[in-house]
Amino acid sequence: MKKHKRIIFLVILSIMGLVNALLLFNKYIDNKLESQLMTSLENLSQQNVVIINHQIEDKFSLLQMFANEVGDKKNYDIVQDHKKVEKLSQIFGFRLVGIALPDGPAYTSYKKVVDVSQRRYFQESMKGKNYVSEPLDDIYDSNVKINVYSVPIYDEYKNIKGVFFTTYKNEDFKKFLRISSYNGKGYSYILDSKGNVISDSPQAQIYGTKNMFKTLEKYSENKEIVNQMKKDFQNGQGGEISYNYKGYKYANYAPLNINDWWCVTIVPKNVLEQRILPISYGVIAICIAIFIVSLGVIAYIVLKQNKYQSHLKKIAYYDKLTEIHNKAYLEEKLTQNINANTEKKSALVIYNIRKFKMINEIYGTGAGDYILKSFANSLKQYKTNELEIVVRGYGDEFAVLYFYNHKEELEKRIQSILAINKHIQYLSYPIDLSFAVGIYEIKNMNCMFERIYNYASIAKNENKERQDLFTYYCDELGNEQITIKRKEDAIKKGIENKEFKAWFQPKFDAKSKKITGMEALARWEKEDGSILLPNYFISLSEKIRLIQDIDELVFIDVCKKIKQWELQGLSILPVSVNLSQAYLNGLSALNHLKKIMDEYGVSSEFIQLEITESYMIDNEESLNLAVTKMHEYGFKVLLDDFGVGYSSLMSIHSLDFDILKIDKSFVDAIGTASGNAIIQYTIQLGKKLDMKIVVEGVETKEQYEFLKICGCDEIQGYYFAKPQTFYEISKILLLKKENISY
């Protein structure tokens with residue numbers, strides 16, 4: 001009877017607890033959903049900022065390219081060169097193109113001279129700034145609002161000798177202010193720091209207002225909010241607000257990198273609430289179902305627990321093979337045993353047998369089982385306290401809770417165990433063992449068991465990379481492991497989402513300075529609009545064996561873009577693509593690249609393959625097979641980063657490379673006697689071995705002039721051009737088609 005009352009009491013108590021938990025959980029879910037929706041609004045605002053900045057920077061890049069061309073010409077006749085200005089306007093769809101002299105007269109594609117000396121965009125660009133004007137009336141069409149984009153024109157001495165400008169309709173900004181969610185009910189504004197509206201979305205609810213601050217201040221409850229916005233604008237700080245104007249709205253604002261402009265993204269509050277309610281109702285329904293099921297489970301567990309308790313403990317807490325406790329037992333007893341022995345220090349130590357899988361493969365699983373049981377017995381024998389716990393984790397991993405007075409005592413015990421188990425005799429086979437050992441000194445009992453175990457495991461994993469007997473856990477090590485794990489997960493997601501794209505750095509003929517080709521460079525274009533360079537992800541991708549997946553995404557992107565250029569009728573130049581070592585260890589990966597190229601209908605004459613010199617070390621035979629196969633497929637093969645590794649020119653020649661790329665480290669030494677001699681010698685020998693010579697990393701005029709004299713064939717580097725987006729490199733190819741100098 002007492003037993004039944006106890007069961008009923010437990011069930012009632014559980015019901016009360018579950019009801020309370022459901023209420024708290026539902027409130028928590030509502031708060032989390034609203035927080036996530038606000039975060040999504042912030043992300044959307046940041047996306048708008050990235051889009052607007054990118055579009056405007058593209059326009060500035062295009063204008064600066066033509067401004068540089070004007071500035072480079074010593075005797076450029078601005079007054080007489082209307083035809084060139086008209087052609088630029090026709091090719092690139094400019095509404096108007098103009099060139100202004102330092103004192104203000106501007107010569108435009110409309111063949112009219114206007115005085116722009118009092119225009120702010122002219123004044124700002126004469127100070128050396130790229131500038132976008134506020135909305136202005138088009139002097140040729142008073143019914144049209146325009147924005148003027150202007151950049152300074154520099155002469156060869158970096159003096160400003162004029163301003164190059166063009167106009168776009170103010171309506172173009174509306175194309176940037178796009179909302180990709182909230183069923184099109186969100187909208188955006190571009191404001192200046194005083195709240196004046198530069199542009200707005202077509203669906204903006206305060207449509208036609210000239211100043212957002214003044215409009216919102218008509219509602220007294222918004223005054224404090226407007227003051228906060230003004231303060232944030234003044235401090236260059238983004239933020240979010242909730243205001244009332246024809247209903248309550250959420251707004252997120254963030255600074256643009258243009259003038260003193262801001263992007264404000266808005267969504268009605270009821271839109272967010274409509275998204276929360278269905279989820280909230282769903283959560284309640286799920287909670288009710290869980291509640292009902294929980295009642296049944298609780299009743300079942302209470303009724304059966306006495307019968308199976310002892311049997312389950314035996315199964316749950318012992319490892320059948322070694323006959324010692326398992327990790328579940330350690331989790332159960334760890335805190336209890338430490339609290340019972342507070343006069344001593346405690347540490348969790350994890351042992352891992354190195355290359356245990358290889359032992360199983362060589363000597364058989366019988367030998368592996370024997371080693372596991374033998375090592376378990378030695379760990380038990382070295383217990384000095386009944387509160388110490390020895391357990392087997394997973395596979396060949398063991399964990400021990402030790403108690404000690406001094407660190408030296410702990411280390412001596414570990415060293416003794418490792419020495420005893422260094423050599424094990426199995427039947428007639430002597431087997432040598434080594435161990436990776438990680439130590440976590442338990443100082444904070446508020447840590448959860450899994451965290452304590454994980455800390456010791458992190459130290460053990462670090463020790464695998466070292467030759468030390470053991471490794472202690474520290475916060476720096478833990479933070480490093482967490483950072484690496486997050487980065488690994490991000491790379492995997494990036495590959496899954498196909499976020500790795502090709503950018504292009506042009507190569508130029510050393511004599512004519514004409515563009516002759518380009519190198520495809522991997523860039524990680526993330527969902528949030530940020531772009532990461534290879535030094536952020538290449539090294540780790542190689543370590544976790546994902547570099548081949550990134551190479552393939554870049555290769556596919558190159559094939560797609562070559563096909564686009566072909567369909568657009570643009571000049572197609574050879575694109576060199578870097579290959580990781582994964583493509584050089586077998587021919588199947590190269591066959592796969594050939595299939596991709598055939599799938600997109602791209603000829604091998606337009607794709608070259610780059611191999612880094614360091615891959616040649618201890619890998620010459622397989623590399624020779626790979627290079628031969630590349631030539632069979634019609635590829636030209638480049639040896640990249642020459643000068644960084646330790647290969648000889650004779651071994652390079654025996655591998656039959658077509659092109660030699662000299663590393664930037666050689667270029668940096670130009671100007672010294674030894675540096676000049678080395679690069680001259682390298683170029684001469686490369687040419688004698690019938691290889692074309694490309695030098696990368698050229699950044700100054702002096703370096704370029706020296707390399708041209710030395711007989712270098714092609715130049716690559718910031719002196720001519722930085723890596724370009726597909727949009728930017730397409731503009732260059734279009735200029736080549738139109739016979740306009742880059």
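## Around Asp138

Leaving out neighbours within four places in sequence, Asp138 is in contact (heavy atoms within 4.5 Å) with Arg95, Val144 and Ile146. Asp138 sits in strand β5, residues 136-138, and is buried at 6% relative accessibility. Buried means under 20% relative accessible area, exposed over 50%, and partly exposed in between, with a 1.4 Å probe and protein chains only. Helices (H or I, at least four residues) and strands (E, at least two) are DSSP runs, numbered from the N terminus.

This is a predicted model: local features need pLDDT of at least 70, side-chain atom pairs count only at pLDDT 80 or more, and totals for chains, interfaces and linings use all residues. Residues are numbered from 1 along each chain as its sequence is written, and side-chain values use heavy atoms, with hydrogens and water left out.

## Positive phi

Asn259 isn't a glycine, yet its phi is positive, near 45°. It's in the loop between β11 (248-255) and β12 (262-268), and is partly exposed at 32%. Arg545, also not a glycine, has a phi of about 60°; Arg545 is exposed, with a relative accessible area of 74%.

## Charges over rings

Here a charge sits over a ring if NZ of Lys or CZ of Arg is within 6 Å of the ring centre and within 35 degrees of the ring normal. Lys59 lies over the face of Tyr168, 4.7 Å from the ring centre. For Lys327, the charged end is over the ring of Tyr453, 4.2 Å from its centre.
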